[in-house]
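Let's take a walk through this structure together. Have the viewer ready, and we will go from one stop to the next.

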Amino acid sequence: MSATAYAWQVGECLLAIALAPLFAGWVGQCRAWLQNRSAPPLWQPYRVLRKLFHKDVALATHASWLFRSAPYVVFATMVVAAAIIPSVTTDLPLARVADAIALVGVFATGRVFMSLAAMDVGTAFGSMGARREMMIGFLTEPALLMVLFSAFMAFGSTALPRVVEVVLRQPHIMLHPSLFFAAVAFVMVLLAENARLPVDNPTTHLELTMIHESMTLEYSGRHLALIEWAAWLKLFNYACIGFTLFMPWGIALHGAGPGLLALAIGALIAKLVVAGAALALLESITAKLRLFRAPEFLTMAFLLAVLGLLVHLLLEV
Amino acid sequence: MNGIASTTALTALLGLIAAWLVLGALGLARPNSIRWVARTLFPVGALIALGVAGAGAVALTAHFSAQTAVLPLGLPSLHFHVRLDALSGFFLLLLGIAGAGISVFAAGYFRAGEGTAPGMMGLQYHLFLASMALVILADDAYMFMVAWETMALSSYFLVVTQHRLPEIRRAGFLYLLMAHVGALGILLCFGVLQGGSWLMTFDAMRGATLAPAWASAAFVLALLGFGAKAGLVPLHVWLPEAHPAAPSPVSAMMSGLMLKVAVYGMLRVSWDLLHAGPWWWGLLTLGVGLGTAMYGAIFAAVQTDMKRLLAYSSIENIGLIFAGIGLALLCRSFDMRLLAALALAAALIHSFNHALFKSLLFLATGSVMHATGERSLGKLGGLIRYMPWVAGLALIGSLAIAGLPPLNGFVSEWLLLQAFLQTPQIPHAFLNMIVPLGAAIVSLTAALAGYVMVKFYGVVFLGQPRERALEQAHPAGWLERTGLSWLALGCVLVGVFPQVALDVVGRITGQLVGATVQRGPSPWWMTPLASNQASYSGLWLWAGLVLVVAATFVLVRRFYHGRVRRTPAWDCGYRWQTPRMQDSAEGFGQPIRHLFGPVFRMQRELPLPSDPQPQYRVQIEEHFWHALYLPLSRFVLRTAERVTILQGGRLATYLLYSFLTLILLLVWVL
Amino acid sequence: MAHLNLATQVVQMLAGALLLISFAMLAERRSRRLLILLVWQGAVLVASTLLVASTAHLPHLFYSAALTFVLKVCVLPWILFRLMRKLGIERDNEPLVNVPTLMLVGLGLVIFAFGLAQPVSALATTVLRNTLGIALAVILLSFLMILARRKAFTQVIGFLSLENGLFFAATSTTYGMPMVVELGMALDLLVAVFIFGIFFFHIREQFDSLDLDQLESLKED
């Protein structure tokens, strides 16, 4: 692989890291508009990060090395995931390191480390958050896997760049009903995994309603900054996976020049704007589910994904 | 040269196994001396295990052809036949590598006062190892059964090491009973397989052609027999009792090694001795495997005893292995060879992985038990500070079981899922829709395994100590650490070099299925199908993660600072936090208990609001006990009581029996 | 997959939407939302019939689509809405048997329907024959819905959904039914809904609720 390909690989990674807080800020803005509030500026998350990095870390006296290293590990898993997902270009030499199934595994690694770190300090809320997060996690993994299966059935590969290439190179427009089901299931999984309504309220202050937030209660300073950044990166990554599978138009293919790449970045930003607004809309019109209704929600997602697979076998073979 | 190497390998192997037996006998020379038995003999046993692994590895090299020999032991008309081929070589490699780590750990672990004299235990231990190796090498049914029974007996004695406790004796009895039920199934299976020739050698069985009904009967008997030993539901009830009752190195051996010997038996019978069968064989095995996996995972999530949790986790992993075998059988019956090879490769690699990480975890619990004296999860916690080595190595083991990249558990899971991805090609109308759903169950099981491991590791090692006495916990000795490190290293290496594992297993699939999974471009990349379809590299993933962690660390320190201030935990400003306010084991398992309520048989005592000292009790049992085993045992006892009527006690009755038999025989003959 | 033209692909997407609506109806607890889903089901049916009519150039399907629109999107829902308001069950919230189990059983039925439909689809000659499996699945899911419900009103909605599935099956495999049959079925539906309405009032008078478990008290004990 050429040096430019590696350069674009690193560039895409850095772009993801840079854009993720902006995306989170945009979603927050849309939510505020929908709730008739005035929103903080779009770059507020960057200011939050800067503030947190400057602060000292207030570490619990009996926190272990696992607690201190978990933010770095979680951030690293999200960055590696960003390197694998083709958000701007499919010319990613390192994307062969892991296909979509390994991507799910990488996300799982992040989740497990977060949960272990939450249990490390030994508070009631930490272990509660860990338990709830693992419960949500174990229900979303099969659903996500079935969504990827449907994609594999439709496109013949579990490597995401290859999926994009197959879609962009096909001569006619192909509408896949199975992907329609898979898309609905994917959105439901996205909401659950990224701690969004209706599964979890990202702006709650009530500890007993928290799932993701309660795992981060003990973090401060640069650790908290890394964890927040990792959470925003996770949302960004999931959005990019959604674009790759269901709306890949605009992504530059192998051998594209700088002009097409600039176009690809523009397309990505446009898609993120629309996706962020849609996400805010979805969050604003649904109420938070009771904790034990969340498994029903996720079972529905799983079933829709399986239905997509079955519909593919029925209609598209 | 290859022929010489092959025969040398087999002879060396037999010599090493004999050395184990000698070692065990030497332990009886000074039976009560820990220094002689544990510190001297066990490390030698570990070296012998490494030798066995080496001989097994020779069998897996490219041009090895199967070697057989006939030993001058056994019956006059049926000597012991032994055979070393790729399949037995692989399992010997597994036995040797994991056995070496366990023996080194056991050298540092055993101490006086356990119940049985150390010399006796040394004899039983090495007899156990030797009999497992002999089962793997056996090439005729007689030797197989002799070695199998020796394995069962020696492990029984090991399980009841602390035989003064009644619950341990009870667990041992249950274990022995189920082992013999399984052995009966296997014996009947061999009886069917010989197909009328009455020659009990495996060569004869390979050549025999059986009617389809008899072949299916043999298959079902094999599944029952080997499944009872491996721990398939519903024949698994002995596992959660026997594994916790045994000392930790023995639990590790039983879970890591003995269950794999059962898997070996299943593979030998269904792939080598039986030829391709109807598709329902594969579907049955797949279904039983997936059901077992889910069952084990669900029950593991609600356990409160460390070792019972790990025992149920073993059931779950065995279920996954059998699911892989079932998928391979299914594909073989449709003549989809590459897919069968892929599924079989996944099952074999998972067996190897499980031997490594399950032994690692059982041994770690042994260290914890020695250091703290506690087995219940409700009394542990915070051990990462007092036992840092054990905690670190147990972390590797826990992450490996949870199937997280870039460790070894993920490799076998990835392969299994890739195999499932190809199943919609099956040319059968309903199967091509039902079998892909197995992938969802595999994924659900894997995610549940993650849940279980977070519970296990979090409650034992993280948080604050739930009892004050835990602060006296002492770290593990150097022998224990060496054993644990050896196994952890294995986990990491298989995760980093997955293609090597795939190549090694390829020899076996080539021999059994007739197809090998594609060779990847290098040992660090795994591309089992086409490289543009799916690829994975453990090494590059490791490298990527480490690089990003290091870069982030350095950059943050460079642009900002690395200051830390130690304060009490925040806990939302609640000042009266005590260690008992953390999640208990029951608490952490509560979501699973709630979601899968009907699967358990629960008895709960809920406190009333008016109780001055409220207490909450929950007892979780399996339905199988009350629905299947207790009625069965009651039936057996009732029948036995009725039969005792025959024993009248009076002399006249017995004389009458003899008289009647004589008359009957006279009538029949004349 | 052989390349189908755009209209046929859209019809396949609508078939998928039909299946999705049936599943959503299985899990929905509120009566009002169920009725809205039924209206959507009717709308999807009309859209797909129109598309099939235009691609296969069959004018009688246009009339069929018009009839379906008038009946299933306008008249029947209006009658049922009025009934709902009169019975006072607009804000009804029905407890359902374990929803995840219901979903899994539904999934099993879908697999069964798809497997069953594959050989039959091979015999049909229409371009949409593969969607027979979906129609069969909708029928079975509606049956499941009727079984799993406790209130009479929601069972009627299940019955209407069943009829929608049958209609879709007819459109996809044989390009619709003879006009006489269709008109007869439409009339039957209308009359059935009227009679259901009358019965609901009687049931409610007798038992003070529309919970069909109450009918068990009619047993001789």
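A salt bridge here is a side-chain nitrogen of Lys or Arg within 4 Å of a carboxyl oxygen of Asp or Glu. By that rule, a search of the whole structure, which is a predicted model, turns up 27 salt bridges over all chains.

Start in chain A, where the side chains of A:Glu193 and A:Lys234 form one of these salt bridges, at 3.3 Å from N to O. A:Glu193 belongs to helix 7 (residues 177-193) of chain A and A:Lys234 to helix 8 (residues 221-246) of chain A, so the pair ties together parts that are 41 residues apart in sequence. Both A:Glu193 and A:Lys234 are buried.

B:Arg268 and B:Asp272 sit four residues apart in helix 10 (residues 248-273) of chain B, about one turn of the helix, and their closest N and O atoms are 2.6 Å apart in a salt bridge. Both B:Arg268 and B:Asp272 are buried. These two are part of one network, joined through salt bridges that share partners, with B:Arg83, B:Asp85, B:Asp139, B:Asp203 and B:Arg206. Within helix 7 (residues 202-207) of chain B, B:Asp203 and B:Arg206 are three residues apart, and therefore separated by about one helical turn. Their salt bridge has its closest N and O atoms 2.8 Å apart. B:Asp203 is partly exposed, at 45% relative accessible area, whereas B:Arg206, at 14%, counts as buried.

Now turn to where the chains meet. Chain B gives 76 residues to the contact and chain A gives 77. Between them they bury about 6,800 Å², 71% of it on carbon and sulfur atoms. On the chain B side, B:Leu421, B:Tyr560 and B:Arg566 lose the most area to chain A, together 9% of what that side buries.

How many salt bridges are there between chain B and chain A? The count is two; in one of them, B:Arg563 pairs with A:Asp56, with the closest N and O atoms 2.8 Å apart. The interface also has 28 residue pairs in polar contact. Helix 17 of chain B supplies the largest share of the side that touches chain A, 16 residues.

In strand 3 of chain B, B:Thr567 is the bridge partner of A:Ala60.

Finish at A:Pro295, in helix 10 (residues 294-315) of chain A. With 4% relative accessibility, A:Pro295 counts as buried. Beyond its neighbours within four places in sequence, A:Pro295 is in contact with A:Leu139 and B:Leu595.

Terms used
Residues are numbered from 1 along each chain as its sequence is written. Chains are lettered from A and ligands numbered from 1 in the order in which they are written. This is a predicted model: local features need pLDDT of at least 70, side-chain atom pairs count only at pLDDT 80 or more; totals for chains, interfaces and linings use all residues. Side-chain values use heavy atoms; hydrogens and water are left out. Contact means heavy atoms within 4.5 Å. Buried area is the accessible area (1.4 Å probe) that two parts lose on being put together, summed over both. A polar contact is a pair of N or O atoms within 3.5 Å; within protein, one must be able to donate a hydrogen and the other to accept it, and residues adjacent in sequence count only if both atoms are side-chain atoms. Helices (H or I, at least four residues) and strands (E, at least two) are DSSP runs, numbered from the N terminus. Two strands pair if DSSP finds at least two bridges between them. Buried means under 20% relative accessible area, exposed over 50%, partly exposed in between (1.4 Å probe, protein chains only).
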